[in-house]
Each structure stands twice: as structure tokens, then as C-alpha cells.
Amino acid sequence: MTTLRERQLNALKQMLNLNQPLTKAVATEPTWKVLIYDRVGQDIISPLISVKELRELGVTLHVQLHSDRDPIPEVPAVYFCSPTEENLGRICQDLDNGVYDQYHLNFISPITRQKLEDLAASAIQSNAALSIHKVFDQYLNFICLEDDLFIMKHQKSDNLSYYAINKGDTKDTEMEAIMDDIVESLFSVFVTLGNVPIIRCSKGNAAEMVANKLDKKLRENLWDARNNLFHGNTGQSGSFSFTRPMLILLDRNIDMATPLHHTWTYQALAHDVLDLSLNRAVVPENTGTVVPGQKSKTRICDLDSKDPLWSEHKGSPFPTVAEAIQEDLDKYRSSEAEVKKLKSSMGLDADSDLALSLVSDNTQRLTSAVNSLPQLMEKKRLIDMHTTIATAILNAIKSRRLDSFFELEEKIMSKSSSVESKAVMDLITDTSAGTPEDKMRLFIIYYLCTAQIPDDEYKKFESALLAANCDIQPMSYMKRWKGFTKMSSQYEGGGTKTVSMFSKLVSQGSSFVMEGVKNLVVKKHKLPVSRAVEAALCAGGGGEGAELAWLDPRAARTDAAARARAARHPPPSDAVVFVVGGGNYIEYHNLLDFAKQQATSGVSRKLIYGATTLPNASQFLKQLSLLGEEIQ
């Protein structure tokens with residue numbers, strides 16, 4: 001059983017092998033080639049393959065399509081780009097100038113018949129038709145960030161944002177284009193997985209439009225005998241063997257509080273505080289004194305799944321992570337000390353007989369020490385990187401008092417204890433706590449989760465927010481949103497409890513000064529997205545799951561037919577959850593926790609979380625602000 005990420009990676013490797021199946025011989029002696037990609041291609045490749053790995057796959061040079069490139073004769077050129085007008089124009093230009101001798105064109109999403117004919121005509125005109133060896137549709141139009149997390153686009157993704165989907169003046173044609181983009185991308189995901197899903201979607205919103213379009217596209221493909229992408233599965237077996245996955249399409253409006261929520265887990269904090277994008281965090285390096293006019297130094301940290309600490313702790317609460325880093329550091333120091341001890345024991349007089357008796361014993365120790373050096377160096381690099389990231393996050397937590405915000409928001413969202421408006425007011429008026437954005441996020445969450453706020457009290461809050469320099473435009477949109485959406489008390493369970501800080505970290509030896517930061521332990525609870533998924537997967541058709549419409553591309557075209565077909569087959573154990581209008585790491589980890597919880601009760605589920613984009617809280621707040629501006 002392979003993950004979505006592995007399958008996308010295999011497809012890319014095969015493409016770089018000039019679309020031949022990978023064999024052992026290739027791994028030792030690859031054919032050398034040039035890789036040319038556009039922005040979209042770059043975003044797809046960069047989280048999956050490092051420059052070093054590209055070299056191992058035989059790529060000597062990788063360049064942007066729209067950059068000045070020198071002609072390189074006798075080397076195959078692999079193109080990986082979207083079939084847009086400007087990209088095709090540039091490819092025709094390359095053919096015309098005879099930049100390379102062999103062209104292998106791979107389009108990220110399928111190229112239309114018309115564009116292909118134009119390309120062929122242009123190739124014949126420039127007498128380069130023989131140089132084009134292959135043209136492939138790759139169906140890789142999505143970016144895989146983790147084994148079970150994908151987004152659609154990273155650069156130029158504003159036209160897919162929550163704002164673009166929900167703004168008032170979107171024309172029907174624009175909306176169609178957005179929906180087509182989303183469908184294209186989801187179609188690519190299922191071609192890569194090699195399975196036709198059963199589609200469930202929330203009714204009456206963007207998610208339903210996507211579902212109907214995707215259903216139509218899958219149907220057309222299943223009926224097309226020549227080009228059926230799900231029939232022979234192009235040389236790789238389907239990843240879900242007998243059961244088909246369920247695609248659960250949800251709209252961002254199902255839950256507006258979570259994207260703004262302050263968080264406490266490592267990956268989500270890195271996303272919120274350090275703007276983690278495409279698995280790369282930019283960490284400011286403070287050298288202490290800040291010289292005005294001088295740019296602050298930043299360090300780029302790549303976080304990948306090969307890093308044991310990251311893969312184990314990306315969903316852990318921050319204090320746990322700090323403790324784990326500290327432990328790793330202690331282990332590293334002890335092994336470093338051993339190597340040092342060895343050196344000093346070698347410094348004996350060469351004349352003495354003692355030296356001879358030690359030689360045989362020491363050679364062994366020396367060899368093992370030398371062999372373990374590369375691993376030690378790599379360990380040290382990872383520890384340094386995590387220390388840098390964790391210190392940056394810690395500084396933000398302290399300076400913005402994020403622990404207080406997190407604790408209060410969890411209380412509000414969990415409804416377990418009634419939160420008095422005074423507590424919210426105190427945090428908003430406290431000048432030492434947080435940025436204006438932090439306060440705005442807190443108030444929106446309070447506003448959404450409180451059934452009724454009296455007018456005079458609302459005015460008090462408004463003036464307090466204005467006094468704290470908050471941009472209160474999002475409120476006009478949230479008011480309208482709350483007016484026509486029924487937010488039931490969707491956040492049961494949850495909340496936090498404070499335990500004393502780990503003794504290890506409080507001791508003076510630690511590199512993290514944790515004074516004044518509360519050690520909060522998050523209680524397990526399900527967010528609305530996870531709850532919708534649970535209802536869809538677990539309930540046969542009743543309960544909460546009944547609110548989601550059914551579509552099955554392999555059955556007749558009605559909701560009832562899809563339901564009837566579903567009743568005959570065992571319910572799917574695997575699901576792809578896709579949020580139209582932007583997702584976040586909080587929901588992603590919440591889904592993973594839900595899958596773990598199901599596994600303990602004996603049901604193994606593979607859940608994949610996807611979203612149009614992955615905005616962090618401040619980007620999402622900006623979009624709400626733009627929506628609020630329109631209303632006024």
C-alpha cells in the first residue's frame with residue numbers, strides 16, 4: 001500500500017527517466033538530461049525531491065522555462081509545465097531556435113486537442129518535429145506536502161482563496177473557472193491514486209458544485225474506452241485494493257473558527273508564527289543588536305519526512321517538542337564526549353610497551369568512531385535546525401503571550417466552562433499581550449461561539465479593539481456570515497489543562513528558557529471537519545452523515561442510486577477529505593488523531609487531507625478583512 005506522496009514521487013521519477021519504467025540499472029547509471037519547469041512544476045517538485053536527489057536521477061541542470069537558457073546539444077530535455085498559452089509559446093520558441101536535440105514534453109495537466117495541434121503545426125514549421133520524442137499528460141496537478149496532505153497551488157494561488165470563492169462580485173464565468181481548476185486537481189489526485197472515489201459533499205455551496213463537476217468528469221473518463229485512466233492503471237496497481245475511497249468534499253464555511261485559532265502543536269505553530277510553506281520555514285536569526293536599515297538575517301530550514309524528530313513530533317504540543325530536542329541534544333553530547341575520550345586515550349608515548357598492547361584494542365574503537373561520524377554530523381545538523389526553529393517559536397510565544405490566547409480560545413470553543421466576557425476583554429485590553437491580529441482572532445472566535453452578544457457589550461468590545469489598533473473590517477463580514485449560518489455548538493470536548501513544566505526544561509542546563517510559558521496539555525476533541533468525516537464514514541446513511549449528498553460515478557446519476565449502490569457494498573474504510581476555500585494544519589492533525597483513535601478500536605483507516613490552499617491565520621484574516629470591506 002503506497003501513500004499519495006510515494007505515488008506522486010514515483011510518477012516524477014519515471015518522468016525523469018524519460019517515461020521508462022525504473023530498473024536497477026538506471027539507478028546506478030542514469031541518462032543525463034536537462035529539466036525545464038515552470039512555477040507550478042517547481043512547486044510540485046520542490047517538496048518531494050531535493051537538488052541532491054535530482055542529481056542522482058541524472059538531472060545535470062534544472063532551470064525555469066521563462067529564463068534565458070543557452071542551447072545544449074545532444075542532451076535530452078525534459079519539460080515539466082502546465083499547458084498554458086504562454087508556456088506553449090515559449091516551447092515553440094525553443095523548437096524554433098533549436099535549443100535542444102531531444103524534447104520530452106510532460107504537461108502537468110492534460111493538454112487540449114486544439115493546443116496540441118497548434119504545437120505540432122509550429123514544430124513542423126520550425127522543422128523540429130523529429131526532435132520531439134514524447135508528449136505526456138502527467139496528471140500531477142497537486143502539491144503533496146506530507147504522506148497524507150496535499151494542496152492545489154502555492155504560487156499565484158489567490159484565485160483559489162476563500163476570498164475569491166466568497167466575494168460578492170464574482171462572475172459566474174470566474175466561479176466556473178475556479179471550480180474547473182479544483183476539479184482538475186482532484187481528478188489528478190485520483191488518477192495518481194488509481195481509484196474512482198465515491199463522492200460525498202455538503203449541500204448548497206461551492207463544495208457541491210465541485211462534486212457535480214468531478215462526478216461528470218469521472219463518468220466521461222470511465223465511458224471513454226480508449227483513454228480510461230482507471231482501467232489498466234498504467235502499470236501500477238491501485239493503491240486501495242478492493243474498497244474504493246470516499247471523497248468527502250467540505251466547504252470552509254463548515255467551521256470558521258479553526259483557521260483563526262491560536263495553536264499549540266509544533267507544525268501548526270511553525271505555520272502560524274514562521275510562515276511555513278512548502279515544508280520550508282524561514283527563521284529570523286537574531287544576533288542581539290538590531291542595526292536600523294540592516295536586513296535581519298534569516299535562515300531557511302527544510303523540514304522533511306526523513307527527519308525522525310519532525311515526523312514523530314510535528315503534531316505534539318510545543319513543550320513536548322522542546323523536551324524531545326533537549327533529549328536529543330543530551331544524547332548527542334554524550335556520544336561526542338566518547339570520541340573526545342578516545343582521542344585523549346590515544347595520546348600515549350609511542351615508545352612505551354603499553355602503546356603496543358593498546359593498539360589492537362584501540363583500532364577497533366577508532367574504526368567504529370570514524371564510521372559513526374557522518375551520522376553524528378547529520379544528527380548535529382538536525383538538532384541545530386530544530387533548536388533554531390523552536391527558539392524562534394518560543395520567542396514569539398513569549399512576546400505575544402500565545403499560551404494565554406490558546407488557553408482562552410480552547411475554553412471558548414470547548415464550551416465546557418462558560419467564559420465570561422470579562423476574560424476576553426482583559427486579554428484584548430492588555431497592552432503586553434499579542435499583536436492586534438491576535439486580539440482580532442480571539443474576538444472573532446468568541447463572537448462565533450457565543451450564541452448572543454448584547455449590543456451594548458458588542459460596542460464595548462468594538463471600542464476596545466479599535467483602541468488596540470485592530471482592523472475591525474472582518475467583523476462586518478462575520479456578522480453577516482453568522483446571520484445566515486447556524487453555528488451549532490460544534491466544539492464539544494477539548495479545552496486544556498495546565499501541568500507543571502517538565503523538570504528537565506526548568507533546570508538551568510536547558511537551551512530553552514521556558515519561564516512564564518504555561519505547559520498546556522491539549523485534551524483530545526474532534527473539530528467539525530473530523531466530525532463530518534466520522535459521520536460520513538461510520539454511519540450507514542443516517543445521523544449527521546445524511547446531510548451529505550451522495551454521488552457515485554460508477555452508478556446512475558441520482559443521489560438515490562448512489563445510496564443504493566453504497567448500501568450493497570461494504571462502507572469505505574479510506575477517505576480523502578478536501579476543504580474548498582483553504583485548510584490548516586490544526587484540522588490535519590485533528591484528522592490524524594481521529595484515524596489513530598479509530599485504529600485503537602480496531603478499524604484501520606487511511607485518511608488524506610487536502611485543501612485548495614493552506615493559508616495561515618493572518619493570511620486568512622486578511623481575506624476576511626477584504627470581504628468585510630466589500631460589504632461596507
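This is a working chat about the fold of one predicted model.

User: Before we start, what kind of model is this, and how are residues numbered?

Analyst: It is a predicted model, in which local features need pLDDT of at least 70 and side-chain atom pairs count only at pLDDT 80 or more, while totals for chains, interfaces and linings use all residues. Residues are numbered from 1 along each chain as its sequence is written, and side-chain values use heavy atoms, with hydrogens and water left out.

User: How many helices and strands are in the protein chain?

Analyst: The protein chain has 23 helices and 16 strands, taken as DSSP runs numbered from the N terminus (helices are H or I with at least four residues, strands E with at least two). Of its 632 residues, 51% count as buried, where buried means under 20% relative accessible area, exposed over 50% and partly exposed in between, with a 1.4 Å probe and protein chains only.

User: What about strand S16, is it covered on one face or on both faces?

Analyst: Both faces are covered, with Leu607, Tyr609 and Ala611 buried on one side and Ile608 and Gly610 buried on the other. In a regular strand the side chains alternate between the two faces of the sheet.

User: Which strands are joined to S16 by bridges?

Analyst: Strand S7 (residues 149–151) runs parallel to S16 and is joined to it by 3 bridges, and strand S15 (residues 575–580) also runs parallel to S16, with 5 bridges; strands pair if DSSP finds at least two bridges between them.

User: What do S15, H22 and S16 make together?

Analyst: They make a right-handed β-α-β unit, in which H22 covers residues 585–600. Right-handed here means that, with the strands pointing away from the viewer, the path from the first strand over the helix to the second runs clockwise.

User: Where is asparagine 584, and what does it touch?

Analyst: Asparagine 584 is in the loop between S15 and H22, and it is buried, with a relative accessible area of 5%. Leaving out residues up to four places away in sequence, asparagine 584 touches Arg252, Thr258, Pro259, Tyr609 and Leu614, a contact being heavy atoms within 4.5 Å. Asparagine 584 and proline 615 are 31 residues apart in sequence, yet 6.8 Å apart in space, C-alpha to C-alpha.

User: Changing topic, at what angle do H16 and H23 pack?

Analyst: Helix H16 (residues 436–449) and helix H23 (residues 617–631) pack at an angle of about 70°, with their axes 11 Å apart; axes are lines fitted to C-alpha atoms, for helices over the stretch in contact, and angles run from 0 to 180 degrees between N-to-C directions. The two helices are therefore roughly perpendicular to each other, a term for 65 to 115 degrees, whereas under 35 is roughly parallel, over 145 roughly antiparallel and the rest oblique.

User: Which residues of H16 and H23 meet there?

Analyst: Glu437, Met440, Arg441 and Ile444 in H16 meet Ala617, Ser618, Leu621 and Leu624 in H23.

User: Last one, where does asparagine 19 sit, and what is its phi?

Analyst: Asparagine 19 is in the loop between helix H1 (4–16) and helix H2 (24–28), and its phi is positive, about 60°, although it is not a glycine. Most residues other than glycine have a negative phi. Asparagine 19 counts as buried, at 13% relative accessibility.
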